[in-house]
Amino acid sequence: MLYLVTAEGPRVPELAEVYRRIAIQPVLRLLGIYADRAYRRGETHSAALHQQPILIVAPMLAGAMWNNAFAQGEPIDIAGLFEAYLELVFDTSTSAP
């Protein structure tokens with residue numbers, strides 16, 4: 001769906017609006033709740049994830065877009081990208097600097 005909406009959204013804005021309302025907004029709302037909870041518990045150092053919950057999924061969206069455009073050359077491991085991102089956000093690194 002992501003590829004369809006990004007490709008056809010400019011030509012069919014109704015498609016993009018329905019997808020945003022039905023799929024994106026509820027997920028971002030839920031992620032914002034979780035991000036706020038993590039911030040209040042001291043699990044993150046900034047309220048930015050609560051204020052802009054799209055930041056939580058932005059690396060995966062960028063990876064998916066990269067793979068769509070450049071997958072034949074050097075595809076990105078989306079799961080690995082997400083794990084690395086979580087390590088950065090939640091400072092869970094177990095390796096020495």
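Glu 8 and Arg 11 form a salt bridge, in which the closest N and O atoms are 2.4 Å apart; the term denotes a side-chain nitrogen of Lys or Arg within 4 Å of a carboxyl oxygen of Asp or Glu. The model is predicted, so local features need pLDDT of at least 70 and side-chain atom pairs count only at pLDDT 80 or more, while totals for chains, interfaces and linings use all residues. Residues are numbered from 1 along each chain as its sequence is written, and side-chain values use heavy atoms, with hydrogens and water left out.

Glu 8 is partly exposed at 23% relative accessible area, whereas Arg 11 is exposed at 65%. Here buried means under 20%, exposed over 50% and partly exposed in between, with a 1.4 Å probe and protein chains only.

The count of salt bridges is four. Arg 20 meets Glu 17 at 2.7 Å between the closest N and O atoms. Both residues lie in helix α2 (residues 13–40), three residues apart, about one turn of the helix. Helices are DSSP runs (H or I, at least four residues), numbered from the N terminus, as are strands (E, at least two). A network of salt bridges links Glu 17, Arg 20 and Arg 21.

Arg 40 and Asp 36 also form a salt bridge, at 3.0 Å from N to O.

We turn to the rings. There is one aromatic pair: the centres of Trp 66 and Phe 70 are 4.6 Å apart and their planes stand at 50 degrees, so the pair is tilted. Rings of Phe, Tyr and Trp (its six-membered ring) pair if their centres lie within 6.5 Å; planes under 30 degrees apart are stacked, over 60 edge-to-face, and the rest tilted.
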